[in-house]
Structures are given as structure tokens and as C-alpha cells.
Amino acid sequence: MPTIEIVKESRELKELMHKIKLFLKEGFKGEVQEPKALIKYYWEASLKAEQLITMVFGKEGGFPIDIETLAEKLGIRLVLENLNEFPGWRSMNRKIGQIEIVDNLFTDEKMNMIYIDKEVPPFSKRYAIAHELAHYIMHYDDDDYYEDYCIMPMCPRNVEEIVADIFATFLLIPVRYFFEEFLLYVKRTRDEGRGPVTTERWIQYLAERSMISEYYVAYGYQQLRYVAYWIYRAWNEEKNEAEGEKDIEVEMTPDEREKVQAETKDYYTEEMGELLFE
Ligand SMILES: [Zn+2]
């Protein structure tokens, strides 16, 4: 690739990272208490994760997301290490991942590292990288930053932890692939006469395809449902309105509808609307 293209590409990536950083730091605020604002927040978060993935891998990608390459493209060095050499009083827990952003005093160079515990199973490792990547996007221009991620399903101690998990899920399960995979799964189960499709089996399958543990799929499933609902609304509002079935609880403006349609038109189909929604 000619140098000029690489420079342009990395400039675009930096601009997108900056946009996502502002969104992740500012987006999850008071008004999110309103149902519509929460649904829209998830939609925006899913869209930003997808833009990042598309910019790095192109539109032809699919499951599983190559989260290690994504991290490296954003300027992170991944290092496998024993992160649990000195078990302390919290030995019932294990550190899986750790992010460090430091300004090297000697070389004046910024170092962005994600350390991953070498004993960690692959699926947990992938989630830990995605989670730390969300922190990285929020802090990449800090002078120094440190955070770690543990194997025990600990409760969040601040909003940033919640935001990091929301974004990590959308990075590992982009909504576009979620829809495509869901439709394939339902059709295949039907065609092979193996129905009905149960939540448990589908979650298990989605976990295998996205290569993250079922726990994290289940954890992120509600946010995927909210985004799915918003996309469905955008495509079916006019039809439903004509049939007197308008969803009046949550308003969707013509602008919002157009934006969602524009962003999803290359994968959302009528068949999805018919088979995947109740
Ligand atoms: Zn965290």
C-alpha cells in the first residue's frame, strides 16, 4: 500500500477512536434513565463498535472477531505473562488481563500494553482483551493509566466498568453478525427439523461462534435485544402504523428511522423481521 494511503488510513482510525472515546466517556449519563435514551445509547454504542471493526477488517469479516489484531491495529502491544505470580489475600480470584499506558521517560515514547495471563482459557482471554480495549479507547491519550480485569465475575465499582463491558460485547458480537448468524441458525434448525429453537441452545451456539463464554453472551444479550428492537422499528414502523400496530410507548422520529435504515440496509432483511421478532 502506498505511504499516503497508510497515513490517510491511520488518520481516519485516530479520528474514529477520538469520537468513540468521547462517546464512551460522556454517553452513559443521566438521561439514559429514559427507556428510549437507553435503547438509543445501545444502538449508538453498537454502531461505533461496528464502524471500528469495519474500518480495520472491511465489511467482509465475520465471527469470530480477531480481537488481537484489532488491539494491535489500535496501537497496543499484547504480552502474555504470568499475572498471578504473587497470590495475595484475593487468591480466590485471578487476574486475566491488565492494561498499562505509560510515557517512557528515557525514549519519550508512549507505551500501550495489554498483559494477558498465560494460564487463561482462550475464550476468557478474548473477553479480557476486548474489555481492556474499551478502557484503552477511553484513556489512550492519558499520560499514564492502569487497570486490571479478573476472572471472578466481580461487580462494577464505577460506571466506566459498565461502559467497558457494554462496548466489549459489541466488539465481540457486532449486531450485523448477530442478525446474520441468528437467521442462519433459525433456518438451519427449521430445515433440519430440529426445532424448537431454545434460548439456551442459541446462546450456547452464539458463544461458540463468537468465541466468548456463554456467561458473557448472556450478560450482553439484553443490549443486543434493545438494538435489534430499534432496527426492527426503523424498518417496520410505517407498515405497523398502517396496520394500526404502532408502538407508541417509545417514539421514533423520521430522522432516527432514516439513520438506522441507512446503517443497516446492507444486512437487514424482511425475512429477519419475520423470523426473529415476536
Ligand atoms: Zn475494567
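Which residues does Lys 21 touch, not counting residues up to four places away in sequence? Lys 21 touches Ile 137 and Met 138. Before we go on, keep in mind that this is a predicted model.

## Starting from Lys 21

Lys 21 is found in helix 1, which covers residues 3–26. Now look at Leu 47: Lys 21 and Leu 47 are 26 residues apart in sequence, and 14 Å separate them in space, C-alpha to C-alpha.

Lys 73 lies in helix 3 (residues 67–73), and Lys 73 is partly exposed, with 16 other C-beta atoms within 10 Å. Between Lys 73 and Phe 23 there are 50 residues in sequence and 20 Å in space, again C-alpha to C-alpha.

Let's check some lengths. Helix 4 has 18 residues and reaches 25 Å from its first C-alpha to its last, close to the 26 Å expected at 1.5 Å a residue. For helix 5, the 14 residues should span 20 Å at 1.5 Å a residue, and the end C-alpha atoms are 20 Å apart, which agrees.

How much of helix 4 is buried? 16 of the 18 residues of helix 4 are buried, so helix 4 is largely enclosed by the rest of the structure. Helix 5 has buried residues too, including Val 163, Ala 164, Phe 167, Phe 170 and Leu 171. In helix 2, the buried residues include Tyr 41, Trp 43, Ala 45, Ser 46, Ala 49 and Ile 53.

## How the helices pack

Two packed helices are described by the angle between their axes and the distance between the axes.

| Helix pair | Angle between axes | Distance between axes |
|---|---|---|
| Helix 4 and helix 5 | roughly 120° | within 8 Å |
| Helix 2 and helix 5 | about 50° | 9 Å |
| Helix 8 and helix 9 | about 105° | 9 Å |

Take helix 4 (residues 122–139) and helix 5 (residues 159–172), whose axes cross at roughly 120°. Helix 4 and helix 5 are therefore oblique to each other, and helix 4 passes helix 5 in a right-handed crossing. On the helix 4 side, the contact includes Tyr 127, Ala 130, Leu 133, Ala 134 and Met 138, and on the helix 5 side it includes Val 163, Ala 164, Phe 167, Ala 168 and Leu 171. The residues of this contact divide into eleven nonpolar, two polar and three charged.

Helix 2 and helix 5 pack at about 50°, which makes helix 2 oblique to helix 5. This crossing is right-handed as well. Which residues meet here? Ala 45, Ser 46, Ala 49 and Ile 53 in helix 2 meet Ile 166, Phe 167, Phe 170 and Leu 171 in helix 5. By class, the contact of helix 2 with helix 5 has seven nonpolar residues, one polar and no charged.

Then there's helix 8 (residues 214–242) with helix 9 (residues 254–264), at an angle of about 105°. That makes helix 8 roughly perpendicular to helix 9. Trp 230, Ile 231, Ala 234, Trp 235 and Glu 237 of helix 8 make the contact with Arg 257, Val 260, Gln 261 and Thr 264 of helix 9. This contact has five nonpolar, two polar and two charged residues.

Most residues other than glycine have a negative phi, and most peptide bonds are trans. So which spots are worth a look here?

Met 211 has a positive phi of about 55° although it is not a glycine. Met 211 lies in the loop between helix 7 and helix 8, and with 17 C-beta neighbours inside 10 Å, Met 211 counts as partly exposed. Gly 58, which follows helix 2, has a positive phi near 80°.

Phe 63 and Pro 64 are joined by a cis peptide bond, with omega about -15°. You'll find Pro 64 in the loop between helix 2 and helix 3.

Finally, Gly 195 lies in the loop between helix 6 (175–191) and helix 7 (199–210). Gly 195 is exposed, with 10 other C-beta atoms within 10 Å. Leaving aside neighbours within four places in sequence, Gly 195 is in contact with Thr 189 and Arg 190.

Note on methods:
Residues are numbered from 1 along each chain as its sequence is written. This is a predicted model: local features need pLDDT of at least 70, side-chain atom pairs count only at pLDDT 80 or more; totals for chains, interfaces and linings use all residues. Axes are lines fitted to C-alpha atoms, for helices over the stretch in contact, and angles run from 0 to 180 degrees between N-to-C directions. Helices (H or I, at least four residues) and strands (E, at least two) are DSSP runs, numbered from the N terminus. Angles under 35 degrees count as roughly parallel, over 145 as roughly antiparallel, 65 to 115 as roughly perpendicular and the rest as oblique. A crossing is left-handed if the near helix is turned anticlockwise from the far one by less than a right angle, and right-handed if clockwise. Two residues are in contact if their C-beta atoms, placed from the backbone, lie within 7 Å. Ala, Val, Leu, Ile, Met, Phe, Trp, Tyr, Cys and Pro count as nonpolar, Asp, Glu, Lys and Arg as charged, and the others, Gly among them, as polar. The expected span of a helix is 1.5 Å times one less than its number of residues. A residue is buried if 20 or more other C-beta atoms lie within 10 Å of its own, exposed if 12 or fewer, and partly exposed in between; C-beta atoms are placed from the backbone.
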